[in-house]
Amino acid sequence: MLRLSALASALVCGASLAHAEMLPAYDPEAICAAVAGGAARQELIMRGCLDFQERTRKEIALGWDKLPAPVQESCTKAAQTTGDYWKLKNCIDKAPIIVQAPAH
(Lines give C-alpha, C1' and ligand atoms only; values in the text may rest on other atoms or scores of the structure.)
Protein backbone atom coordinates (compact mmCIF):
# COMPACT_ATOMS: atom_id res chain seq x y z
CA MET A 1 0.00 0.00 0.00
CA LEU A 2 2.85 2.34 0.83
CA ARG A 3 4.37 1.74 -2.61
CA LEU A 4 1.06 2.56 -4.27
CA SER A 5 0.85 5.80 -2.29
CA ALA A 6 4.41 6.76 -3.25
CA LEU A 7 3.71 5.96 -6.89
CA ALA A 8 0.54 8.07 -6.85
CA SER A 9 2.44 10.98 -5.30
CA ALA A 10 5.17 10.72 -7.92
CA LEU A 11 2.60 10.71 -10.71
CA VAL A 12 0.85 13.77 -9.30
CA CYS A 13 4.15 15.65 -8.98
CA GLY A 14 5.16 14.63 -12.47
CA ALA A 15 1.82 15.72 -13.87
CA SER A 16 2.12 19.17 -12.35
CA LEU A 17 5.62 19.56 -13.81
CA ALA A 18 4.43 18.43 -17.21
CA HIS A 19 2.15 21.45 -17.40
CA ALA A 20 5.07 23.85 -16.98
CA GLU A 21 6.04 25.66 -20.14
CA MET A 22 9.56 26.10 -21.36
CA LEU A 23 11.11 29.53 -21.01
CA PRO A 24 10.20 31.43 -24.18
CA ALA A 25 13.02 32.09 -26.63
CA TYR A 26 13.00 35.66 -27.88
CA ASP A 27 15.17 37.44 -30.42
CA PRO A 28 16.92 40.19 -28.42
CA GLU A 29 18.61 41.47 -31.58
CA ALA A 30 15.25 42.57 -32.98
CA ILE A 31 14.14 44.50 -29.90
CA CYS A 32 17.60 45.99 -29.35
CA ALA A 33 17.82 47.13 -32.98
CA ALA A 34 14.50 48.91 -32.50
CA VAL A 35 15.78 50.52 -29.29
CA ALA A 36 19.09 51.59 -30.84
CA GLY A 37 17.43 52.85 -34.01
CA GLY A 38 19.48 55.52 -35.72
CA ALA A 39 21.09 56.82 -32.54
CA ALA A 40 24.56 58.32 -32.85
CA ARG A 41 25.84 55.72 -30.42
CA GLN A 42 23.89 52.89 -32.00
CA GLU A 43 26.58 50.22 -31.46
CA LEU A 44 27.00 51.11 -27.78
CA ILE A 45 23.23 51.10 -27.21
CA MET A 46 22.89 47.80 -29.06
CA ARG A 47 25.59 46.09 -26.96
CA GLY A 48 24.12 47.44 -23.71
CA CYS A 49 20.64 46.33 -24.69
CA LEU A 50 21.79 42.84 -25.69
CA ASP A 51 23.70 42.49 -22.42
CA PHE A 52 20.64 43.61 -20.45
CA GLN A 53 18.35 41.19 -22.29
CA GLU A 54 20.76 38.28 -21.71
CA ARG A 55 21.17 39.03 -18.00
CA THR A 56 17.39 39.32 -17.63
CA ARG A 57 16.86 36.02 -19.49
CA LYS A 58 19.35 34.26 -17.21
CA GLU A 59 17.68 35.68 -14.10
CA ILE A 60 14.26 34.48 -15.29
CA ALA A 61 15.67 31.05 -16.22
CA LEU A 62 16.90 30.50 -12.66
CA GLY A 63 13.37 30.42 -11.28
CA TRP A 64 11.21 29.65 -14.32
CA ASP A 65 10.53 26.02 -13.41
CA LYS A 66 9.42 27.06 -9.91
CA LEU A 67 6.73 29.44 -11.19
CA PRO A 68 3.14 28.23 -11.23
CA ALA A 69 1.99 27.27 -14.74
CA PRO A 70 -0.70 30.02 -14.84
CA VAL A 71 1.99 32.68 -14.19
CA GLN A 72 4.21 31.18 -16.89
CA GLU A 73 1.34 31.14 -19.36
CA SER A 74 -0.01 34.62 -18.68
CA CYS A 75 3.42 36.27 -18.61
CA THR A 76 4.52 34.48 -21.78
CA LYS A 77 1.38 35.81 -23.44
CA ALA A 78 1.98 39.34 -22.06
CA ALA A 79 5.53 39.49 -23.43
CA GLN A 80 4.82 37.65 -26.67
CA THR A 81 4.14 40.70 -28.81
CA THR A 82 7.36 42.49 -27.91
CA GLY A 83 9.63 39.49 -27.34
CA ASP A 84 11.23 41.37 -24.49
CA TYR A 85 12.74 39.53 -21.52
CA TRP A 86 12.42 42.66 -19.40
CA LYS A 87 8.66 42.72 -20.02
CA LEU A 88 8.48 39.01 -19.15
CA LYS A 89 10.38 39.61 -15.88
CA ASN A 90 8.24 42.62 -15.04
CA CYS A 91 5.11 40.48 -15.43
CA ILE A 92 6.59 37.72 -13.26
CA ASP A 93 7.58 40.24 -10.58
CA LYS A 94 4.00 41.58 -10.47
CA ALA A 95 2.36 38.14 -10.34
CA PRO A 96 0.60 37.34 -7.08
CA ILE A 97 2.66 35.14 -4.79
CA ILE A 98 1.02 31.80 -4.07
CA VAL A 99 2.00 30.45 -0.69
CA GLN A 100 1.30 26.79 -0.05
CA ALA A 101 0.47 25.65 3.43
CA PRO A 102 2.98 23.19 4.91
CA ALA A 103 1.94 19.55 4.83
CA HIS A 104 1.10 18.06 8.22
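1. Helices here are DSSP runs of H or I with at least four residues, numbered from the N terminus. By that numbering, Asp84 falls in the loop between helix H4 (69-80) and H5. The model is a predicted one, and the points below should be read as computed from it.

2. Overall make-up. The protein has five helices and zero strands, and the order of elements from the N terminus is α-α-α-α-α. Of its 104 residues, 24% count as buried. The accessible surface is about 7800 Å², with 63% of that belonging to carbon and sulfur atoms. Among contacts with a separation of 6 or more, 66% are between residues 24 or more positions apart.

3. Asp84. This residue is buried yet has no salt bridge. Lys87 is the nearest side chain of opposite charge, and it is 7.5 Å away. The cut-off for a salt bridge is 4 Å between a side-chain nitrogen of Lys or Arg and a carboxyl oxygen of Asp or Glu. Setting aside residues up to four places away in sequence, Asp84 touches Tyr26, Ile31, Gln53 and Ala79. A colleague checking charge assignments may want to look at this site in the structure above.

4. Gln53. One of the residues touching Asp84 is Gln53, which lies in helix H3 (residues 42-63). Gln53 counts as buried because its relative accessibility is 3%. Its contacts, again without residues up to four places away in sequence, are Pro28, Ile31, Cys32, Gly83, Asp84, Tyr85 and Trp86. Gln53 therefore has a polar side chain under the 20% limit for buried residues.

5. The aromatic pair. How many aromatic pairs does a search of the whole structure find? It finds one. The partners are Tyr26 and Tyr85, in a tilted arrangement with 4.8 Å centre to centre and 55 degrees between the planes. The pair links distant parts of the chain, 59 residues apart: Tyr26 sits in the loop between helix H1 (2-18) and helix H2 (28-36), and Tyr85 in helix H5 (residues 85-94). Tyr26 counts as buried because its relative accessibility is 16%. Tyr85 is buried as well, with a relative accessible area of 3%.

6. Met22. The loop between H1 and H2 also holds Met22. Is Met22 buried or exposed? Its relative accessibility is 75%, so Met22 counts as exposed. The C-alpha atoms of Met22 and Thr76 are 9.8 Å apart, although 54 residues separate the two along the chain.

7. Nonpolar cores. The largest nonpolar core has 10 residues: Tyr26, Ile60, Trp64, Val71, Cys75, Ala79, Tyr85, Leu88, Ile92 and Ala95. H4 and H5 are the elements that give two or more residues to this core. A second, separate core has five residues, including Ile31, Cys32, Ala36 and Met46. In the largest core, both members of the aromatic pair, Tyr26 and Tyr85, are present.

8. Cys75. With neighbours within four places in sequence left aside, Cys75 is in contact with Leu88, Cys91 and Ile92. Of these, Leu88 and Ile92 are listed in the largest core along with Cys75.

9. The structure holds six salt bridges. One of them joins the side chains of Lys89 and Glu59, at 3.3 Å from N to O. Lys89 lies in helix H5 and Glu59 in helix H3, so the pair ties together parts that are 30 residues apart in sequence. Glu59 is partly exposed, its relative accessible area being 45%. Glu59, Lys89 and Asp93 are linked in a network of salt bridges.

10. Arg47 and Glu43 meet in a salt bridge of 3.5 Å, N to O. Both lie in helix H3, four residues apart, about one turn of the helix. Glu43 is exposed, with a relative accessible area of 57%. Lys66 forms a salt bridge with Asp65, and their closest N and O atoms are 3.7 Å apart. Lys66 counts as exposed because its relative accessibility is 65%, and Asp65 is exposed with a relative accessible area of 53%.

Note on methods. Residues are numbered from 1 along each chain as its sequence is written. This is a predicted model: local features need pLDDT of at least 70, side-chain atom pairs count only at pLDDT 80 or more; totals for chains, interfaces and linings use all residues. Side-chain values use heavy atoms; hydrogens and water are left out. Rings of Phe, Tyr and Trp (its six-membered ring) pair if their centres lie within 6.5 Å; planes under 30 degrees apart count as stacked, over 60 as edge-to-face and the rest as tilted. Buried means under 20% relative accessible area, exposed over 50%, partly exposed in between (1.4 Å probe, protein chains only). Lys and Arg count as positive and Asp and Glu as negative; His and the chain ends are not counted. Contact means heavy atoms within 4.5 Å. A nonpolar core is a set of buried Ala, Val, Leu, Ile, Met, Phe, Trp, Tyr and Cys residues joined through side-chain atoms within 4.5 Å. Accessible areas come from the Shrake-Rupley method with a 1.4 Å probe; for residues, only the protein chains shown count as cover.
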